[in-house]
Amino acid sequence: MLRDSHAFSGFSVNDLAMAKDFYANTLGLVVTEEHGMLALNLPGGNHVLLYPKSNHAPATFTVLNFPVESVEKTVDSLSHHGVRFEMYDEPGMKTDARGICRGEGGPVIAWFRDPAGNILSILEEQ
């Protein structure tokens, strides 16, 4: 029934202006605004909807993953722009001092948060 629908994902933020600045200026994405919401226009024609929510609670899981050629280089670049990476020390999910996880069997990955506290990741393309 929905096979031909061009589905997209979305998540809430608590401040559209801060979100727009972060996604456009810090991450370098193409961001458009319409009807009081933001669209992250991603390569390949995909997009993600960001909508304001007055009682926003940050997601406790990764809401958006960015495949990159090199997690190390991307961590360096994003850190230079003020992004702080999450530190984890859990079984099967330990990060190094830079916030990079090189878990057994999984991709090289690093997690960070947007201004609303939602969790995002960069992961190395295989």
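At 68% relative accessibility, H35 counts as exposed. Here, exposed means over 50% relative accessible area, buried means under 20%, and partly exposed lies in between, with a 1.4 Å probe and protein chains only. The model is predicted, so local features need pLDDT of at least 70 and side-chain atom pairs count only at pLDDT 80 or more, while totals for chains, interfaces and linings use all residues. Residues are numbered from 1 along each chain as its sequence is written, and side-chain values use heavy atoms, with hydrogens and water left out.

H35 sits in the loop between β2 (30-34) and β3 (37-41). Its phi is positive, at about 55 degrees, although H35 is not a glycine. T60 lies in the loop between β4 (47-52) and β5 (62-68). The C-alpha atoms of T60 and F11 are separated by 12 Å, and the two residues are 49 residues apart along the chain.

The overall fold comes next. The chain holds two helices and 10 strands. Helices (H or I, at least four residues) and strands (E, at least two) are DSSP runs, numbered from the N terminus. Along the sequence, the elements follow the pattern β-α-β-β-β-β-α-β-β-β-β-β. Along the principal axes, the C-alpha atoms fill a box of roughly 40 × 35 × 25 Å.

Of its 126 residues, 37% count as buried. The accessible surface comes to about 8,100 Å². Carbon and sulfur atoms account for 52% of that surface. Accessible areas come from the Shrake-Rupley method with a 1.4 Å probe; for residues, only the protein chains shown count as cover. Contact means heavy atoms within 4.5 Å. Among contacts with a separation of 6 or more, 53% join residues 24 or more positions apart.

The chain carries 9 positive and 16 negative side chains. Lys and Arg count as positive and Asp and Glu as negative, while His and the chain ends are not counted. The centres of the two sets lie 2 Å apart. The place of a charge is taken as NZ of Lys, CZ of Arg, CG of Asp or CD of Glu.

The structure holds three aromatic pairs. In one of them, the rings of F22 and Y23 have their centres 5.2 Å apart and their planes at 85 degrees, so the pair is edge-to-face. Rings of Phe, Tyr and Trp (its six-membered ring) pair if their centres lie within 6.5 Å; planes under 30 degrees apart count as stacked, over 60 as edge-to-face and the rest as tilted. F22 is buried, at 9% relative accessibility. Y23 is buried as well, at 0% relative accessibility. F85 and F112 form another edge-to-face pair, 5.5 Å centre to centre, with 65 degrees between the planes. This pair links distant parts of the chain, 27 residues apart. F85 lies in the loop between α2 (71-80) and β6 (89-90), and F112 lies in strand β9 (residues 109-113). Both F85 and F112 are buried.

Three further buried residues show how separate segments meet. A19 is placed in helix α1 (residues 16-26). Its relative accessibility is 2%, which counts as buried. Leaving out residues up to four places away in sequence, A19 touches V13, L38 and L50. A19 and H56 are 37 residues apart in sequence and 13 Å apart in space, C-alpha to C-alpha.

L27 is found in the loop between α1 and β2. At 19% relative accessibility, L27 counts as buried. Beyond its neighbours within four places in sequence, L27 is in contact with F22, F66, L78, F112 and L120. L27 and H81 are 54 residues apart in sequence, yet 8.5 Å apart in space, C-alpha to C-alpha.

S121 belongs to strand β10 (residues 119-124). S121 is buried, with a relative accessible area of 0%. Not counting residues up to four places away in sequence, S121 touches T62, L64, N65, F66, I109, A110, W111 and F112.
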